[in-house]
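Student: I am new to this structure and would like to go through it with you. Could we begin with the charged side chains and then move on to other topics?

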Amino acid sequence: MYRFRFHGRGGQGIKTASRIFSTAAFLEGFYAQDFPMYGPERRGAPVAAYVRVSHEPIVIRGYINKPDVVVVGDETLLYDPVADPLRGFGGGVLFVNTPLNPNLSVDGEVVTLDLTGLALEHIGRSGAISAGVGAVACKIAGFSESSMVDAVVRELEEIGLPDELIEKNVVVAKESYRGVPSFDLDSLPSLSESDFLETDIVHVRLDEGEVGIATIANLGNSAVRKTGNWRILKPIVDYSKCTGCKICFAYCPDVSIHMGEDGKAHIDYDHCKGCLICSSVCPFKAITMVREVKVM
Ligand code: SF4
Ligand code: SF4
């Protein structure tokens, strides 16, 4: 059995990527099981998806605590204590979507590719990486390119994407697939017999009602949740164009824009999560979004 764990941010299509991978596995003659896990249902929040692939029927259920392959859709997640993508990883393959060439000291093979750059180039959207992520996983597992493309088309049709967008995604998928190496997963040190037992138990803490709810739901704490590291694109205000009309201020869903004493829009980068709304609603085209690459 091969165990793949996908990590990304809400809006990057990580669940779709895991479905692309598991559908391709099915087309390659494997049994496949996939399921996502969401944290806060917000764009940019960490999400994970789990896929098991096997030549035998899969009877085990639950989270994958000891993955053979970890696929990370956003490099900033590597240091996110909530997402914790390297948890249980050792002796397998780690893929990171990044334009950088990080010197990661992990026990295993490290593969990188700039999927966000490919998505921007061919689709025009930084978050449209589901086909690329799925394709990379297929290549690492040694699946054929034709199964991968078939799976991309099936899954994107399933979620209702128009043909033109599916074609662009296929271009991204093929470039992603060809941009990474394939591995003989059966030879990975992570695939020892004892790992199959996965005996880790997830303990759910039982607190009193008022403290047992997700902390993010407690009143008045959003200011202390710095969501700036969720951002892939950063809004930049051109003050020669900003008229101070306040439209971006009204639309920002995270209250991350305030009007300064100069009467113009100013952005709180500690909390802006890069949703693009301000840029799209500004009638004077005063806000541009630039790619923000984090240093690892
Ligand atoms: S919507 Fe545009 S012009 Fe209006 S305040 Fe915001 S940045 Fe300035
Ligand atoms: S991108 Fe703009 S609208 Fe979105 S959170 Fe940042 S400042 Fe607010």
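Student: Is R3 buried or exposed?

Tutor: This is a predicted model. In it, R3 counts as buried because its relative accessibility is 0%, under the 20% cut-off.

Student: Which side chain does R3 meet in a salt bridge?

Tutor: The partner of R3 is D68, with N to O at 2.7 Å. This pair links distant parts of the chain, 65 residues apart: R3 belongs to strand β1, whereas D68 lies in the loop between β3 and β4. D68 is buried too, with a relative accessible area of 1%.

Student: How many salt bridges are found in the whole structure?

Tutor: The search finds 10. One of them joins E155 and R19, whose closest N and O atoms are 3.0 Å apart. Here the link runs between helix α4, which holds E155, and helix α1, which holds R19, and the two residues are 136 residues apart. E155 is buried at 7% relative accessible area, while R19 is partly exposed at 31%.

Student: What separates R154 and D150 along helix α4?

Tutor: About one helical turn separates R154 and D150, because they are four residues apart in helix α4. Their side chains meet in a salt bridge of 3.3 Å, N to O. R154 is partly exposed, with 41% relative accessible area, and D150 is partly exposed as well, with 33%.

Student: Which residues are linked in a network of salt bridges?

Tutor: R231, K234 and E292 form that network.

Student: Changing topic, what is the phi of K246?

Tutor: The phi of K246 is near 75 degrees, a positive value although K246 is not a glycine. In general, most residues other than glycine have a negative phi. K246 sits in the loop between β7 and α7, and its relative accessibility of 46% makes it partly exposed.

Student: And where does L276 lie?

Tutor: L276 is in the loop between β9 and α8. Its phi is also positive, about 80 degrees, and at 35% relative accessibility L276 is partly exposed.

Student: How much space lies in the second largest pocket?

Tutor: The second largest pocket holds about 290 Å³. It is lined by 20 residues, and L276 is among the closest to its centre, together with R43, S126, G127 and G274. The lining comprises seven nonpolar, eight polar and five charged residues.

Student: Lastly, which residues form a nonpolar patch on the surface?

Tutor: The patch consists of I247, Y251 and I277, with about 250 Å² of accessible area together. Y251 is part of helix α7.

Technical notes:
Residues are numbered from 1 along each chain as its sequence is written. Chains are lettered from A and ligands numbered from 1 in the order in which they are written. This is a predicted model: local features need pLDDT of at least 70, side-chain atom pairs count only at pLDDT 80 or more; totals for chains, interfaces and linings use all residues. Side-chain values use heavy atoms; hydrogens and water are left out. Patches are made of residues with over 30% relative accessible area and no salt bridge: like charges are joined within 9 Å, nonpolar side chains (Val, Leu, Ile, Met, Phe, Trp, Tyr) within 5 Å. Accessible areas come from the Shrake-Rupley method with a 1.4 Å probe; for residues, only the protein chains shown count as cover. A salt bridge is a side-chain nitrogen of Lys or Arg within 4 Å of a carboxyl oxygen of Asp or Glu. Buried means under 20% relative accessible area, exposed over 50%, partly exposed in between (1.4 Å probe, protein chains only). On a 1 Å grid over the protein atoms alone, a cavity is a set of points where a 1.4 Å probe fits but cannot get out, and a pocket is an open set with protein on both sides within 12 Å along at least five of seven lines; lining residues have an atom within 4 Å of a point. Grid points are joined across faces, edges and corners, and a volume is the space filled by probe spheres set on the points. Ala, Val, Leu, Ile, Met, Phe, Trp, Tyr, Cys and Pro count as nonpolar, Asp, Glu, Lys and Arg as charged, and the others, Gly among them, as polar.
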